[in-house]
Amino acid sequence: MNLLHLEQFYEVAKAGSVSVGARKLRLSQPALSKSIKLLEENLGVTLFERTKRGVVLTGAGKLAFDRASRIFSESKALGEEIRTSASSTELSGEWCVGASDNIALY
């Protein structure tokens with residue numbers, strides 16, 4: 001499964017429309033539709049029912065949306081945890097170094 005396709009599916013599901021999702025993702029509507037179709041083919045299920053008003057999640061689509069939500073939530077938490085732990089191991093603040101005149105000249 002391609003995580004980019006999953007992310008694009010997730011954004012379309014949140015928006016409820018392929019065209020709105022495409023604008024949000026800054027993609028063309030045909031490119032986004034193709035991406036979702038590739039994800040559906042990979043999973044072997046239909047994720048959306050297309051309507052005149054947009055898209056509606058199928059049963060499989062709801063399951064995929066719930067799992068995608070958890071995946072992206074965990075991904076965000078991982079990034080925050082790494083940034084927090086990296087900053088806690090680095091030294092920061094002001095340093096003051098003193099030296100005698102003889103050492104300071106050299």
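Biologist: Which residues line the largest pocket?

Modeller: In this predicted model, the lining is made up of Met1, Leu6, Leu43, Val45, Leu47, Ala60, Leu63, Ala64, Arg67, Ala68 and Ile71. The pocket itself has a volume of about 160 Å³.

Biologist: What makes a residue part of that lining?

Modeller: A lining residue has an atom within 4 Å of a point of the pocket. Leu6 and Arg67 are among the residues that line the largest pocket.

Biologist: How many of the lining residues are nonpolar, polar or charged?

Modeller: There are 10 nonpolar residues, no polar ones and 1 charged residue. Arg67 is in the lining, and arginine counts as charged. Helix 4 (residues 59-89) gives the largest share of the lining, with 6 residues.

Biologist: Let's stay with helix 4. Why is Gly61 called buried?

Modeller: Gly61, which is found in helix 4, has a relative accessibility of 0%. Buried means under 20%, so Gly61 counts as buried.

Biologist: Phe9 belongs to helix 1, I think. Which residues of helix 1 are buried?

Modeller: They are His5, Leu6, Gln8, Phe9, Tyr10, Glu11, Val12 and Ala13.

Biologist: How do you know that the span of helix 1 is close to the expected one?

Modeller: Helix 1 (residues 3-15) has 13 residues and reaches 18 Å from its first C-alpha to its last. The expected value, at 1.5 Å a residue, is 18 Å, and the helix comes close to that.

Biologist: What is found at the two ends of helix 1?

Modeller: At the start, a side-chain oxygen of Asn2 comes to within 2.8 Å of the backbone nitrogen of Leu4. After the helix comes Gly16, with a positive phi near 75°.

Biologist: Why is Arg26 called exposed?

Modeller: The relative accessible area of Arg26 is 78%. Exposed means over 50%, so Arg26 passes the cut-off. Arg26 lies in the loop between helix 2 (18-25) and helix 3, and its phi is near 60°, a positive value in a residue other than glycine.

Biologist: And why is Ser33 called partly exposed?

Modeller: Ser33 sits in helix 3 (residues 29-43) and has a relative accessible area of 25%.

Biologist: What makes the link between the side chains of Ser33 and Gln29 a polar contact?

Modeller: The two side chains meet at 2.8 Å, and the limit for a polar contact is 3.5 Å.

How values were computed. Residues are numbered from 1 along each chain as its sequence is written. This is a predicted model: local features need pLDDT of at least 70, side-chain atom pairs count only at pLDDT 80 or more; totals for chains, interfaces and linings use all residues. Side-chain values use heavy atoms; hydrogens and water are left out. Helices (H or I, at least four residues) and strands (E, at least two) are DSSP runs, numbered from the N terminus. The expected span of a helix is 1.5 Å times one less than its number of residues. Buried means under 20% relative accessible area, exposed over 50%, partly exposed in between (1.4 Å probe, protein chains only). A polar contact is a pair of N or O atoms within 3.5 Å; within protein, one must be able to donate a hydrogen and the other to accept it, and residues adjacent in sequence count only if both atoms are side-chain atoms. On a 1 Å grid over the protein atoms alone, a cavity is a set of points where a 1.4 Å probe fits but cannot get out, and a pocket is an open set with protein on both sides within 12 Å along at least five of seven lines; lining residues have an atom within 4 Å of a point. Grid points are joined across faces, edges and corners, and a volume is the space filled by probe spheres set on the points.
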